[in-house]
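Take a moment with the sequence and the fold before reading on.

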Amino acid sequence: MSIIQPEDYLAIPKTEISGRILVLHAWWGLNNTIRYYCDRLAKEGFVVYAPDLYHGKLTDQIETAEIYSNELSLEQARIDMDNGLKLLENQTPHSEDGITVIGFSLGAFLALDLSNNRPNPINKVVVYYGTGPDDYSNSKAAYLGHFAELDVFEPQTNVDELESALKKSNRPYTIYQYPDTNHWFCEPDRVDAYKEEAATLAWARTLEFLRHP
């Protein structure tokens, strides 16, 4: 049985279910921005689950977020993510479709790691301004990446290395870079970084990717 924490977030569509998505938060923790993103996906027909990888801790300060992310145990995060996958599978037990993983920043790294270490049942991965491991040879997923042009946390060299790793592992991928944007450009609560036009375009591209067979 999956061990689900009370801080985790589950969004279930009121319409016919069109897919299952695991959402992984940025280094701030499972905040309202991520919950709202989950709700938007549910309105599009997806069952969405976001585990609280910090187990109750939350911040909007970079210094504290850095501490929280450094304290995060990859082993525990993998347990939490695996529980999330099990919950999504139980929500639609007769579905033969895979599960999509969407990650923001810190969550992007974890999404990429999960896709290679837990290839079943993950069939799609979406990352927002975050890179990950250099080997995807175990993965069975297709990838979509949204990256910022002026990102000091994820410079172009990191994005190039991700692209090279996906190509080397023969995984299908599409990577977009958004002009005049910084890290967190898709998160409205980060008023110093949010770019509505770029965020809207990234959302549209994500939905298209999710709905494509």
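Contact here means heavy atoms within 4.5 Å. This is a predicted model, in which local features need pLDDT of at least 70, side-chain atom pairs count only at pLDDT 80 or more, and totals for chains, interfaces and linings use all residues. Residues are numbered from 1 along each chain as its sequence is written, and side-chain values use heavy atoms, with hydrogens and water left out.

Start with the sheet. Helices (H or I, at least four residues) and strands (E, at least two) are DSSP runs, numbered from the N terminus. Two strands pair if DSSP finds at least two bridges between them. Seven strands form an open sheet in the order 1-3-2-4-5-6-7, and their pairing is mixed. At the edges are strand 1 (9-11) and strand 7 (173-178), each of which pairs on one side only. On average, neighbouring strands of this sheet are turned by 15 degrees against each other, direction ignored. Such angles run from 0 to 180 degrees between N-to-C directions, but direction is ignored for that average. Axes are lines fitted to C-alpha atoms, for helices over the stretch in contact.

Now look at strand 4. It pairs with strand 2 in the parallel sense over five bridges. Strand 5 (residues 122-128) goes on to pair with strand 6 (residues 142-148) in the parallel sense over five bridges. Val125 has Tyr143 as its bridge partner in strand 6.

Is strand 4 buried or exposed? Buried means under 20% relative accessible area, exposed over 50%, and partly exposed in between (1.4 Å probe, protein chains only). Six of the six residues of strand 4 are buried, so the strand is largely enclosed by the rest of the structure. In a regular strand the side chains alternate between the two faces of the sheet. Both faces of strand 4 are covered. Ile99, Val101 and Gly103 are buried on one side, and Thr100, Ile102 and Phe104 are buried on the other.

Follow Ile102 into the core. A nonpolar core is a set of buried Ala, Val, Leu, Ile, Met, Phe, Trp, Tyr and Cys residues joined through side-chain atoms within 4.5 Å. The largest one has 69 residues, and Ile102 is among those with the most contacts inside it, along with Leu22, Val23, Leu41, Phe104 and Tyr128. Helix 6 (residues 196-211) supplies the largest share of this core, seven residues. Leaving aside neighbours within four places in sequence, Ile102 is in contact with residues including Leu22, Val23, Leu41, Tyr128 and Thr206.

Next come the helices. Helix 1 (residues 32-43) lies across strands 1 to 5 and runs at about 165 degrees to strand 3. Helix 3 (residues 74-91) lies across strand 1, strand 2, strand 3, strand 4 and strand 5, at about 160 degrees to strand 2. Strand 4, helix 4 (residues 106-117) and strand 5 make a right-handed β-α-β unit. Right-handed means that, with the strands pointing away from the viewer, the path from the first strand over the helix to the second runs clockwise.

How do helix 3 and helix 4 meet? They pack at an angle of about 70 degrees, with their axes 11 Å apart. They are therefore roughly perpendicular to each other, a label for angles of 65 to 115 degrees; under 35 counts as roughly parallel, over 145 as roughly antiparallel and the rest as oblique. Leu74, Ala77, Arg78, Met81 and Leu85 of helix 3 make the contact with Leu110, Asp113, Leu114 and Asn117 of helix 4.

Move across to strand 6, where Phe147 lies. Phe147 counts as buried, at 2% relative accessibility. Not counting residues up to four places away in sequence, Phe147 touches residues including Val127, Tyr129, Val159, Ile175, Tyr178 and Phe185.

Finish with the loops. Pro121 is found between helix 4 and strand 5, and the peptide bond from Asn120 to Pro121 is cis, with omega near 10 degrees. Tyr129 is in the loop between strand 5 and strand 6. Tyr129 has a positive phi of about 40 degrees although it is not a glycine, and at 0% relative accessibility it counts as buried. Asn170, in the loop between helix 5 (156-168) and strand 7, has a positive phi of about 60 degrees. At 64% relative accessibility, Asn170 counts as exposed.
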